[in-house]
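This briefing is meant for someone meeting the structure for the first time. Please keep the sequence and the model in view while reading.

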Amino acid sequence: MSIKQSFIARPVNWNKIEDPIDLDVWNRLTSNFWLPEKVPLSNDVQSWGTLKPHERVLTMRVFTGLTLLDTIQGTVGAASLLPDARTQHEEAVITNIAFMESVHAKSYSSVFSTLCLTNEIEEAFRWSEENPYLQKKAEIVLSYYNGEDPLKRKVASTLLESFLFYSGFYLPMYWSSRAKLTNTADLIRLIIRDEAIHGYYIGYKFQQAFNEESKDRQEDIRGYAYDLLLELYENEIKYTADLYDEIGLTEDVKKFLHYNANKALMNLGFDALFPKDDCDVNPAILAALSPNADENHDFFSGSGSSYVIGKHEATTDDDWDF
Amino acid sequence: MFDIVYFSSTSENTKRFVDKLGLVSRRIPLLTKDVEGFHISTPSVLVLPTYGGGEDKRAVPIQVIKFLNDPVNRSLIVGVIATGNTNFGTTYAVAGDIVSAKLQVPLLYRVEILGTPNDIFEVKERLQKLWDLQQNSHQSPAFSS
């Protein structure tokens, strides 16, 4: 008579790493950990007062939109990736991602409670439940999270992390470039940094599974990724126009969307879709995002603020022990 | 043309970029213990990813540090290209700045993730410029080994 062993519970062993990327990403995520309470948001109160009423409404709507995406990613999106984890360490990383998304979602509430009145906050949340484009965006993503195909779930998750947030992230970067709400922008930059690692990691796990599939299935998934991106993009354009037409920034935001859509595809290991001319993001936005981003200047020209004349110093072998 | 020597983790993002350049390339081993026996013998451009998104210390992959610890290897590096993500703000592609400063060779370009077709075009053009520059002037201290 044999003992029935249908299920063995396995404790996760961090001293036996199957995929070094799991440990690397875990270390990065945990060392990047932050809470909204660490950001001095109250320093933005005066700046908030300088925004026009419609600019304040726009900002609050953008932030409830971002809150909705973080809520979905924290409670449904990341969790939907758990059953497909390839290692137990990956499961641990995913739970970190899920928790951090909840921190992000809560951080917008910190911005609201610092800057806004209760009735304004409630109005903005009501807007988020009634805006057709925001609801459509959530509906599309949720339908894939609840779907059967693990690869498609990862595609949807990566597109959310690396593309869908950016119509919202644009605005605090725009305010920051005009020296407004700069502490709020610091908080958003922390979120943006986290999303880059989430997008990279989920995209990496996608590529591992993708590479094991048959050629036919790979073509199917690749086609699906571009189709889903375009479906989301079409809705995102409407969402963007709905929000930004009033302050005349829609075209500028669209370039930021194209730029980030390309990065989302690259996180999945696929080629960029939008050509260079559609992605020439306003340099002020890029500078707000990453101060050295637009300094990909020709080093032969000697121009650009990052150009430094080389300092001469003899090197020793000790220099290389860094 | 220069050869490419690069590091790419198992995510292979940097490898995908290098493959698109279509140049002779060699990959620095993934396992740190294998790097010691890895040597280059031709003038090469180093392509490396940036790790972290936090402190500079950990931005350069350990395998690249080990590779550059070899005086012959580092003397053959004529330029650096770094990959990264602007989401990391001030530390975007910072591994390129660190190695460029250490080696006193130009940081030729920063690439996001695996690079767009335009990035490939720009990088090829710059490599050609650097190549021409070196062919015309062997006196340049930055490029002599």
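The model is predicted, and the mean pLDDT of chain A is 91, with 89% of the residues of that chain reaching 70 or more. Chain A holds 12 helices and 0 strands, whereas chain B contains an open sheet of 5 strands with parallel pairing.

**Chain A as a whole**

- Read along the sequence, chain A follows the pattern α-α-α-α-α-α-α-α-α-α-α-α, and 42% of its 322 residues count as buried.
- Among the contacts in chain A with a separation of 6 or more, 76% are made by residues 24 or more positions apart.
- One stretch calls for care: over residues 296-311 of chain A the pLDDT stays under 50, and the model has 13 contacts beyond four places in sequence for these residues. Where pLDDT is low, the predicted coordinates should not be read in detail.

- Which residues of α6(A) are buried? They are A:Leu134, A:Lys137, A:Val141 and A:Tyr144, and, seen down the axis of α6(A), the buried residues fall within an arc of 100°, so they line one face of the helix.
- An α-helix has 3.6 residues a turn, so residues three or four places apart point the same way.
- The buried residues of α6(A) pack against α3 (53-81), α5 (118-130), α7 (150-164) and α10 (215-244) of chain A, while A:Pro132, A:Glu139 and A:Ser143, on the other side of α6(A), are exposed.
- For α7(A), 13 of the 15 residues are buried, so this helix is largely enclosed by the rest of the structure; at 1.5 Å a residue it should span 21 Å, and its end C-alpha atoms are 20 Å apart, which agrees.

**A buried arginine in chain A**

- A:Arg189 is found in helix α9 of chain A, which covers residues 182-211, and A:Arg189 counts as buried because 22 other C-beta atoms lie within 10 Å, the cut-off for a buried residue being 20 or more.
- The C-alpha atoms of A:Arg189 and A:Ser290 are separated by 9.1 Å, although these residues are 101 residues apart along the chain.

**The sheet of chain B**

- In what order do the strands of the open sheet in chain B lie? The order is β2-β1-β3-β4-β5, with β2 (25-27) and β5 (107-112) of chain B as the edge strands, each of which pairs on one side only.
- The twist averages 20° from one strand to the next, and helix α1 (residues 13-21) of chain B packs on the sheet, touching β1 (3-6), β2, β3, β4 and β5 of chain B, with its direction at about 150° to that of β3(B).
- β1(B) and β3(B) pair in the parallel sense over 4 bridges, and B:Ile4 stands opposite B:Val45 in β3(B).
- Strand β3 (residues 44-49) of chain B runs parallel to strand β4 (residues 77-84) of chain B and is joined to it by 6 bridges; the bridge partner of B:Val45 is B:Gly79, that of B:Leu46 is B:Val80, and B:Pro49 stands opposite B:Thr83.
- β4(B) and β5(B) also run parallel and are joined by 5 bridges, with B:Tyr109 in β5(B) as the bridge partner of B:Ile81.

**Burial within the sheet**

- In a regular strand the side chains alternate between the two faces of the sheet.

**The contact between the chains**

- The contact takes 30 residues from chain B and 31 residues from chain A.
- On the side of chain B that touches chain A, α3 (62-68), β5 and α6 (117-136) of chain B each supply at least two residues, and β5(B) gives the most, with 4 residues.

Notes
Residues are numbered from 1 along each chain as its sequence is written. Chains are lettered from A and ligands numbered from 1 in the order in which they are written. This is a predicted model: local features need pLDDT of at least 70, side-chain atom pairs count only at pLDDT 80 or more; totals for chains, interfaces and linings use all residues. Two strands pair if DSSP finds at least two bridges between them. Axes are lines fitted to C-alpha atoms, for helices over the stretch in contact, and angles run from 0 to 180 degrees between N-to-C directions. Two residues are in contact if their C-beta atoms, placed from the backbone, lie within 7 Å. pLDDT is the predictor's confidence in each residue, from 0 to 100. A residue is buried if 20 or more other C-beta atoms lie within 10 Å of its own, exposed if 12 or fewer, and partly exposed in between; C-beta atoms are placed from the backbone. The arc is that of the directions from the helix axis to the C-beta atoms. The expected span of a helix is 1.5 Å times one less than its number of residues.
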